[in-house]
Each structure stands twice: as structure tokens, then as C-alpha cells.
Amino acid sequence: MAARIGSVIAAVVLLLLVATPAQAHGGASVTIHSDGRGSVWTTAQWQDGHAISEPMQVTMTASGDGGASAAPAVLRQTGDERGTQTYGGTLDPGSWRVSIDLGAPVNGHCQALIQVAASTATPQPTEVACLIPATAPSGAAAPADSSGGSLTPLWVTLGVLAVVGAVAGAGLARRRGRPA
């Protein structure tokens, strides 16, 4: 009986410790915004409505009409309740395909077509939302100083398995020690 209870507790603890924030919140909702004058920013929240408060690297690339392009840029996190990240530059007038790659904890990709008005024209703001499931592939750009990930999940898993093994072993020893 103790072995069963120990196994159930260990399994629950393991699931809670190994689940990523995206899995716990059901994925993310990311929106690319533009004011129509060349400014670009993103907002992000978990699909359950909670703000994404963890630091997250967002890289933006943009390609425009006639082969124009903006240099890849890492967006700046503002720390507000909407998970806003801003592009430090502005895009020139024209049509742009903006792509963003989101790092951990979201790990996803989003694209938008943005029109930037000339200074004499009326700007047309743009908002394009992307839903990124909790099981999104981790093909997003990793931080430049990334060392390949943490071994913490491995050590937690090994620790939980050791506890489960000890509880199961103690239960078996008690069972064998009793007369049949």
C-alpha cells in the first residue's frame, strides 16, 4: 500500500516539475503590432489569459518590397502586464513581411504582413495574432549565450526515481519478511 501511494505521489511531483510553462498554461497567444508608421512591437500572454512574466528572447526579421530588409533585431522587453516587446528601429514606407522567433518559455514563430505608410499618407495600424500551442517545436532562435540547456530536469527525475525505488524496495522487504 505504501509503495502505491509513494508511486502516485512521485508521479504527480514528476509531472509538476517537468511541465513547461507553456504546457501548464496551454500555449501562448502572440500578436505582432504596427502603428502603420514603421514602429513594430509584440504582445504575448498564455492562452489561459495569464501574462508571460518570464524573460523571453524575441528576434525579429523583416523583408520588404524590392528586396529591402531590416537587420535581424532582438526586441526589448518592457516588463508591462501585456508582455510587450518593442523593436528599436522603424521600418521604411512600403510592404513588409515581419517574422518573429520566440525563445523559451514559448518557443514559437509568428509572421505578419505590415504596410508602412509614407509620411504624407494615412497610416493603417496592423495587429496579427498567432496561437502557439504548448507542443510547439523548439525551432525558435536560442539566446546567443545558450549552453544547450539545463540538466536540472534530469537530476530531478533521477531523484524522484531513487525515492520511488526506495519506497518500493521497503514495501517488498516488508512483504517478504511477513509469514505467508
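The model is predicted, and local features are reported at a pLDDT of at least 70, side-chain atom pairs only at pLDDT 80 or more, while totals for chains, interfaces and linings use all residues. Residues are numbered from 1 along each chain as its sequence is written, and side-chain values use heavy atoms, with hydrogens and water left out.

The confidence of the prediction is expressed as pLDDT, the predictor's confidence in each residue on a scale from 0 to 100. The protein has an average pLDDT of 80, and 72% of the residues score at least 70. Confidence is highest in strand β3, at a mean of 97, and lowest in helix α2 (residues 21-25), at 51. Over residues 136-149 the pLDDT stays under 50. For this stretch the model has 14 contacts beyond four places in sequence, a contact being a pair of heavy atoms within 4.5 Å.

The protein contains three helices and nine strands. From the N terminus, the order of elements is α-α-β-β-β-β-β-β-β-β-β-α. Among contacts between residues at least 6 apart in sequence, 61% join residues at least 24 apart.

The strands are arranged in open sheets, in which two strands are taken to pair if DSSP finds at least two bridges between them.

Strand β3 pairs with β7 over seven bridges, and Thr61 stands opposite Ser99 in β7. Four bridges join β3 to β4, with Thr59 opposite Val74 in β4. The hairpin of β3 and β4 has four residues between the strands, and Gly66 takes a positive phi near 65° there.

Of the 180 residues, 29% count as buried. Strand β3 is mostly covered, with five of its seven residues buried. Thr42, which lies in strand β2, is buried with a relative accessible area of 2%. Leaving out residues up to four places away in sequence, Thr42 touches Thr31, Ile32, His33, Leu75, Gly83, Thr84, Gln85 and Ile100.

The largest nonpolar core comprises 27 residues, of which Leu91 and Val98 touch the most other members. Such a core is a set of buried Ala, Val, Leu, Ile, Met, Phe, Trp, Tyr and Cys residues joined through side-chain atoms within 4.5 Å. At least two residues of this core come from each of β1 (28-34), β2, β3 (58-64), β4 (69-74), β7 (94-102), β8 (108-116) and β9. Apart from neighbours within four places in sequence, the contacts of Val98 include Ile32, Val40, Met60, Leu91, Cys110 and Ile114.

A search of the whole structure finds one disulfide, defined as a pair of cysteine sulfur atoms within 2.5 Å. This disulfide is formed by Cys110 and Cys130, whose sulfur atoms are 1.9 Å apart. Cys110 lies in strand β8 and Cys130 in strand β9, so the pair ties together parts that are 20 residues apart in sequence. The torsion about the S-S bond of Cys110 and Cys130 is about 70°, so the disulfide is right-handed. Both Cys110 and Cys130 are buried.

Technical notes. Buried means under 20% relative accessible area, exposed over 50%, partly exposed in between (1.4 Å probe, protein chains only).
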